[in-house]
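Hi,

Here's the structure I promised to pass on. Have a look at it first, and then read my notes below.

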Amino acid sequence: MSEQPPLVLVSNRGPVTYQEDGSVKRGTGGLVTALTGLASHRDAIWIASAMTEQDVEVAREHDGKPFEVEAPEGGSFRVKFIESDAEAYDRFYNIIANPMLWFIQHYLWDLSNAPDIRRHEVEAFDQGYQVVNQDLAQAVIDEIDGQEEPVVMVHDYHFYTLPGMVREARPDVFLHHFVHIPWTQPDAWRVLPNAIREQIYTGLLANDIIGFHTKSYQRNFLQCCRDLMDFEVNFEDGVVVHDGRETWVRSYPLPIDYEATRNVARRPRVREYEERVLKRRREYAILRVDRADLSKNVLRGFTAFDIFLEQHPEFAERITFTAQLMPSRTDVPEYAEYLEKIEALVAVVNHRHGTPDWMPIDLKLRDDLDEAVASYKHYDVMMVNAMFDGMNLVAKEGPLVNERHGVSILSENTGAHEELGEFAISVNPFDVQELADAIHSALVMSPEARERRARGLKEIVTSRDPGDWIDEQIADIRAKAAGSRAAS
Ligand SMILES: O=P(O)(O)OC[C@H]1O[C@H](O[C@H]2O[C@H](CO)[C@@H](O)[C@H](O)[C@H]2O)[C@H](O)[C@@H](O)[C@@H]1O
């Protein structure tokens, strides 16, 4: 294997997306943040779905070939946008990936009220999920054509069956798959028809290595392979044997690109936002920044704030809870309804506690990184109360740039908790009284304790960067590839 293997990255969302007015915007969500760091540390080509009509136009302009693009926030990428049939893509994204797989992997599937799995879903898997996986698999196969010992890194739940398709065409490829979301325990997967389950697990086990953010997701995956699929599993070494091949199952917690985030914090536009934040500021500021996703548990966060205001009237008019939420996956009915519920609850809480000069919750429904970073700098309390969350990068970005020794309230069910829990106030995200108490504890914490915790969080966040993350994975790729060569 050469010193710097040419990296082929595959993810559904690319680093940029094109807007109606022709402008380029950074792709939303933690995965893009993660891969942006990765792509800037290694020579890489990023294969992604053309997600908007404008992306499709750009893909056609380039005839499905790679092109260079400058991201507005800096950094340039070699991107290959892949256009899939619109109906197939809709089934892939809006029926299978979100909500089906996303819901299973965040324990959001409501068994008492779950949709029956009927031909509609099975067809969506065969004629949607599989079609898009095949389209991107073909793009990978074309890209690595003629390359010796190519390395392909596939990302996330959108592409569980792609590895099997690439492996069939190129048995010599090294396939590494990183799953950015939780891996749930075996019973959560039992809602899927056996045929779909089998295609997902056998597709994934065409990989050489599968990576997760935490040891507990890694363990859950191994358990699923044994209990659901009856595959041979070595828990101690983290190895699954299937079809005569070994797949290593590992954990690599994702760090943030802390230098890049600090640079964002210095931008003039962030400073402009900061002036507004400071002008509007009351004595205390609570902040949350999330995609408007059911897994983020936004409603319970506001309910807890409601309880807190009820139980601590001394904070009335002295505090604002700013929630910056990016609308997400709005073609999935559950997400559209969720946004409505959020707005309705904010109206109730503001009506119940607000006064003519004070609006307790300031809800901002928009995707603006600069505005979020400006708010990061000045919070006293940051709330990350996700029900379940793969990692949650906000939990790392906030403490990095915060200038007030702000306190983090952190759900014990986020991947970030495995690293940051010691210096945060840990909460059970379902217990709204505990969350209300956590808000109070954070606000009355001594300056010394705030400083100690803030320093601890910053140290952990700056101890590794995406370069280290990718190096850890490349080291395993090399070790496994060397082992396979020696065995053959
Ligand atoms: O592409 P979308 O459908 O708009 O969704 C955005 C992304 O959401 C998820 O992000 C995850 O990745 C983060 C980085 O590893 C992690 O911190 C977070 O906990 C995950 O939820 C999803 O995994 C991505 O594929 C989406 O692009």
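Let's start with Y107, which sits in the loop between helix 3 and helix 4 (119-143). Keep in mind that this is a predicted model. The phi of Y107 is near 55°, which is a positive value in a residue other than glycine. Why mention that? Most residues other than glycine have a negative phi, and most peptide bonds are trans. Y107 is partly exposed, at a relative accessible area of 36%.

N392 also has a positive phi, near 85°, and isn't a glycine either. You'll find N392 in the loop between strand 16 (381-384) and helix 13 (394-401). With a relative accessibility of 6%, N392 counts as buried.

Next, take a look at the bond between N98 and P99: that peptide bond is cis, with omega at about 15°. P99 has its place in helix 3.

Now for the ligand. Which residues come nearest to it? There are 21 residues around the ligand, and R13, Y93, D156, H180 and D389 are the nearest of them. Some of these have polar atoms facing ligand oxygens:

- R13 has a polar side-chain atom 2.7 Å from an oxygen atom of the ligand.
- Y93 places a polar side-chain atom 2.5 Å from a ligand oxygen.
- D389 has a side-chain N or O atom 2.5 Å from an oxygen atom of the ligand.

On its own, the ligand has 560 Å² of accessible area, and the protein covers 98% of that. Helix 1 (30-41) and helix 3 (86-104) each supply at least two residues of the shell around the ligand. Sorted by class, that shell has eight nonpolar, eight polar and five charged residues.

What about disulfides? A disulfide is a covalent bond between the sulfur atoms of two cysteines. A search of the whole structure turned up zero of them. C224 is in no disulfide, and the nearest cysteine sulfur, in C225, is 7.0 Å away. Since a disulfide needs the two sulfurs within 2.5 Å, the 7.0 Å from the sulfur of C225 to that of C224 is too far for a bond. C224 is buried, with a relative accessible area of 0%, and C225 is buried with 0% too.

One last stop: R281, in the loop between helix 9 (268-280) and strand 13 (284-291). The R281 side chain reaches the backbone oxygen of H378 at 2.7 Å. Leaving out residues up to four places away in sequence, R281 touches H378, D380 and R404.

Cheers

How values were computed
Residues are numbered from 1 along each chain as its sequence is written. This is a predicted model: local features need pLDDT of at least 70, side-chain atom pairs count only at pLDDT 80 or more; totals for chains, interfaces and linings use all residues. Side-chain values use heavy atoms; hydrogens and water are left out. A residue is near a molecule or strand if one of its heavy atoms lies within 4 Å of it. A polar contact is a pair of N or O atoms within 3.5 Å; within protein, one must be able to donate a hydrogen and the other to accept it, and residues adjacent in sequence count only if both atoms are side-chain atoms. Accessible areas come from the Shrake-Rupley method with a 1.4 Å probe; for residues, only the protein chains shown count as cover. Helices (H or I, at least four residues) and strands (E, at least two) are DSSP runs, numbered from the N terminus. Ala, Val, Leu, Ile, Met, Phe, Trp, Tyr, Cys and Pro count as nonpolar, Asp, Glu, Lys and Arg as charged, and the others, Gly among them, as polar. Buried means under 20% relative accessible area, exposed over 50%, partly exposed in between (1.4 Å probe, protein chains only). Contact means heavy atoms within 4.5 Å.
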